[in-house]
Amino acid sequence: MDDDLEEFREIFLEECLENVELLERGLMQMDAGESTADILNEVFRAAHSIKGGGATFGYQPMAELTHFMETLLDEMRSERRAVVADDVDLLLEGLDLVQAILTDSKEQSISADNDGRLDLQLRLQASVDSAEPRADAPEETEAAIVVEDEMRSWKVTFAPFESFFLRGNNPLLLIRELQRLGGCTITKSFDKYPGWSDFDPNNCYLTWVIDISSTSVEADIREVFDWVDTECELTIEQIESSPAENVAAVVEETPEVAAAVVAPAPAAAPAPVASKKPAPAAAEKKPSGGGADTSTIRIATDKIDQLIDLVGELVITQSMLSRVCQSQDQIDVAELRERMADLEYHTRDLQESVMQVRMLPISSAFNRLPRLVRDLSKKLDKEIDLILEGETTELDKTVLERMIDPLVHLVRNGVDHGLETREERIASGKPVAGQLKLNARQESGSIIIDITDDGKGVNPEVVLRKARENGIVGDEELSVDQINQLIFAPGFSTAEVVSDVSGRGVGMDVVRRNILDLGGRVHVHSTLGAGTRVEINLPLSLAILDGQLVRIAGQVYVIPMLSIIETLEIANTERSTIPGTGDVFQFRGEYLSMLDVSEFFCLPDGGQGELIVVVENHGKRVGLVIDEVLGQQQVVIKSLDKNYKNIEGCAGATIMSDGLVALILDPANFNEPAKLAAAA
Amino acid sequence: MLAETMGNELPNESANQYLTFLLNGEEYGIEILKVQEIKNWGPFTPLPRSQPHVLGVINLRGAIVPILDLRAKLGLPTTDVTSTTAIIIISAEFDEQIRTLGLVVDSVSEVYQLLPDNIQKTSEANRTVDPEGYIRAFGSVDEKFLILLNLEPIFASTLQPDEMLEAANP
């Protein structure tokens with residue numbers, strides 16, 4: 001039972017997050033002045049779903065807050081008030097709080113600021129009350145408000161179906177919600193109780209009759225039962241003239257009455273318990289997950305249908321193949337080849353379709369940026385045109401989730417450091433509004449995201465001076481390109497003032513770390529005075545990578561294609577030995593250090609070392625010495641630490657076509673040769 | 001943990017059953033509930049910078065499984081691979097995860113049922129010859145003498161991250 005409820009809770013939280021996204025998108029459109037009826041309706045529906053679900057699952061603060069937001073939205077929707085920027089600001093603020101509450105409940109922590117919420121609710125209410133009625137507002141508004149203020153009495157008969165508890169519903173929460181509308185007198189009925197012999201503790205046999213006196217209209221009461229309307233019989237009748245004086249006295253008792261009603265039936269236990277249980281349950285879950293994300297993914301049904309079709313095809317091909325192999329006479333080689341070709345074709349299709357399941361459009365990450373840029377533009381008083389391109393580009397879900405923070409950081413950085421103030425822009429003859437462009441696209445086996453601004457660009461002199469001051473680099477000469485990459489160094493910051501927007505010199509380092517962890521690369525291109533472009537290069541998927549097979553000391557290894565820059569013949573390079581740092585070689589006018597993989601791995605046979613593969617390692621280039629370059633192949637990444645442990649210099653392992661295991665090298669994870677020498 | 005959960009469903013005797021194998025002429029036993037399968041000797045991929053007893057990894061139906069030279073782990077002399085050499089695939093919990101490991105043995109022998117009376121726990125004195133505690137107990141069946149292995153320290157010394165191992169034996 002607990003698991004069931006937990007499952008529903010998770011679905012509810014997922015849905016809430018989706019609705020929050022919808023709300024945000026809608027509000028941003030409203031903010032931009034596009035307040036069509038469709039948008040308003042969508043926003044209203046999203047707020048309404050959050051509220052309804054929140055009440056059912058016992059997230060009282062969230063339900064309360066969204067109630068106020070909904071009221072304001074309803075006024076806008078029914079054209080009783082104009083959409084004004086202040087109200088949108090209030091709603092956005094509310095949205096942030098809802099998000100905070102949701103995050104809290106997902107992580108079972110409580111950090112959302114309750115006073116802030118109450119304060120915001122008051123401000124929302126004040127905004128509703130202040131009612132700047134539209135000049136053309138429908139006439140009946142006035143009348144409707146008057147009617148709403150009148151006290152009315154309702155008789156609500158609430159008869160849940162027997163299966164009510166099985167769906168994870170809790171009648172107590174519904175009754176409490178009802179009490180919030182006004183004073184209630186609650187009577188229970190055991191009419192449906194079948195006697196002990198037929199009693200099933202999982203079933204609900206209770207019926208409640210609730211007399212409620214409130215200013216609410218029937219729709220308000222019906223709304224409380226919105227989530228369970230298919231799981232109960234509900235009748236709502238209006239009763240004439242209410243004994244209003246008695247109500248107050250009854251209210252005091254009701255919580256106990258309601259609780260007492262629920263308590264006697266053992267069946268009711270699961271539901272109330274649920275409000276206490278989730279915490280330990282979730283706590284137990286964490287360690288077994290081993291820190292891995294156990295998030296869910298929503299898949300379009302047609303994608304699943306396609307998978308089922310493909311598996312069907314595969315089964316047919318397999319049975320054809322076995323028929324060919326089982327034939328009594330000579331095996332028909334031509335047919336066998338044909339079937340094998342079919343098998344290959346279906347397998348590849350299936351692989352592609354399965355990978356598709358994990359792919360999500362990058363728009364889900366881009367969608368948060370308009371809001372961020374809007375807030376930043378207000379805070380920093382800069383006018384900004386945000387341009388998003390290639391929003392339909394698809395990325396692996398894990399990659400996407402882990403790219404959100406880096407993207408937010410880069411956008412923030414671009415707005416804060418890249419784009420100039422209005423005055424500076426006018427002085428340098430640029431348009432007043434700064435431009436920030438994000439472009440996502442797929443290029444061969446990788447995804448490229450460009451973040452371009454037309455701001456002042458990176459000043460290499462300032463960067464070099466700051467980097468020397470902070471001791472990040474010594475006095476050596478660096479090319480402009482090398483200097484530009486210094487902005488990713490840990491502890492680097494050029495901002496004179498540390499603001500809460502950026503400037504602590506932590507962010508860019510983390511950005512690069514995150515991207516490297518995903519097996520990607522990041523590079524800065526900049527022209528002083530004309531702007532900066534940050535280019536992020538990401539693998540399409542975390543499960544499969546394009547690999548270059550190489551031989552080192554008789555063993556086959558895989559090097560990710562994405563990290564390879566060039567392969568050179570060792571005989572054709574200019575090499576020299578520098579005491580203390582080991583061998584270096586010349587590559588495009590730069591001296592790069594050489595790392596002998598067989599030495600690094602302490603392989604017994606040692607390699608002949610014929611070739612150098614130039615790879616990127618922590619933003620620096622390094623030459624890996626190998627024996628032979630073999631083919632290129634897509635490989636499935638398997639973790640080594642599932643049954644063993646991580647090995648320095650290895651990103652994992654894969655299984656080759658001969659069934660043997662090959663290790664995947666991780667150029668970003670090779671130690672500096674100097675450190676290695678010290679260890680050896 | 002594995003043994004406990006399965007023990008509830010199976011007849012009690014499974015819990016007392018041991019798979020035995022030969023190493024350097026002696027017969028060793030491990031709890032049968034931790035044995036997943038037995039594989040023939042085959043090619044494997046060596047791992048860089050591994051401890052001497054970690055031979056490498058094999059592909060077990062898509063999973064990467066390390067195989068250990070049990071002779072090396074127990075300090076026995078090395079020997080050549082023969083036609084009886086086998087890999088016993090063990091599945092057991094370590095560090096809150098079920099891990100699968102292969103143990104390379106000279107040959108697989110029998111499955112015995114050992115009653116508690118036939119098992120003699122190792123004494124403190126044994127610690128001097130077996131400081132890591134690889135030997136859990138001694139068993140006897142049909143006049144035969146069995147060494148019952150304790151898999152925990154074998155798993156631990158293999159799976160602990162390198163830094164921790166270095167810290168333990170500097």
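Buried means under 20% relative accessible area, and that cut-off is handy for the close-ups that follow. The model shown here is predicted.

**View 1. Phe199(A) and Tyr205(A) form a tilted aromatic pair.** At 16% relative accessibility, Phe199(A) falls under the 20% cut-off and therefore counts as buried. If you like to keep score, the whole structure holds eight aromatic pairs over all chains.

**View 2. Tyr557(A) and Phe601(A) make another tilted pair.** Here the centres lie 5.9 Å apart and the planes stand at 35 degrees, so the pair is tilted. Tyr557(A) belongs to strand 13 (residues 555-560) of chain A, while Phe601(A) sits in the loop between helix 21 (597-600) and strand 18 (611-617) of chain A, so the pair ties together parts that are 44 residues apart in sequence. Tyr557(A) is buried at 1% relative accessibility, and Phe601(A) is buried at 0%.

**View 3. Three aromatic residues of chain A form a cluster.** Ring pairs connect Phe158(A), Phe164(A) and Trp208(A).

**View 4. Phe190(A), Tyr193(A) and Trp196(A) make a nonpolar surface patch.** The patch covers about 370 Å². Look for Phe190(A) in the loop between strand 2 (182-189) and strand 3 (207-214) of chain A. Phe190(A) is partly exposed, at a relative accessible area of 41%.

**View 5. Asp89(A) and Arg374(A) meet in a salt bridge.** The N to O distance is 2.4 Å. Asp89(A) comes from helix 4 (residues 85-107) of chain A and Arg374(A) from helix 15 (residues 369-380) of chain A, so this contact ties together parts that are 285 residues apart in sequence. Asp89(A) is partly exposed at 26%, whereas Arg374(A) is buried at 9%. Both residues belong to a network of salt bridges whose members also include Glu24(A), Asp31(A), Asp96(A) and Lys378(A).

**View 6. Arg551(A) and Glu628(A) are joined by a salt bridge.** Their side chains meet at 3.0 Å, N to O. Arg551(A) lies in strand 12 (residues 544-552) of chain A and Glu628(A) in strand 20 (residues 628-636) of chain A, so the pair links parts that are 77 residues apart in sequence. Arg551(A) is partly exposed, with a relative accessible area of 29%, and Glu628(A) is partly exposed as well, with 35%.

**View 7. In chain B, Arg61(B) forms a salt bridge with Glu37(B).** The N to O distance is 2.6 Å. Arg61(B) lies in the loop between strand 4 (54-60) and strand 5 (63-69) of chain B, and Glu37(B) in strand 3 (residues 35-40) of chain B, so the pair ties together parts that are 24 residues apart in sequence. Arg61(B) is exposed, at 64%.

**View 8. Five strands of chain A form an open, mixed sheet.** Their order is 6-8-9-11-10. Strand 6 (384-389) and strand 10 (521-527) of chain A are the edge strands, each pairing on one side only. On average, neighbouring strands are turned by 10 degrees against each other, direction ignored. Strand 10 of chain A runs antiparallel to strand 11 (residues 531-539) of chain A, with seven bridges between them; among the bridge partners are His523(A) and Glu535(A).

Technical notes: Residues numbered from 1 in each chain as written. Chains lettered and ligands numbered in written order. Predicted model: local features only at pLDDT ≥ 70, side-chain atom pairs only at ≥ 80, totals over all residues. Heavy atoms only, no water. Patch = residues over 30% accessible without salt bridge, like charges linked within 9 Å, V, L, I, M, F, W, Y side chains within 5 Å. Areas by Shrake-Rupley, 256 points an atom, 1.4 Å probe, with all protein chains shown as cover. Salt bridge = Lys/Arg side-chain N within 4 Å of Asp/Glu carboxyl O. Helix = DSSP H or I, 4+ residues; strand = E, 2+ residues; numbered from the N terminus. Buried < 20%, exposed > 50% of the residue type's maximum accessible area, 1.4 Å probe, protein only. Pairing = 2+ DSSP bridges. Axes fitted to C-alpha atoms, helices over the stretch in contact; angles between N-to-C directions. Phe/Tyr/Trp six-rings, centres within 6.5 Å; stacked < 30°, edge-to-face > 60°.
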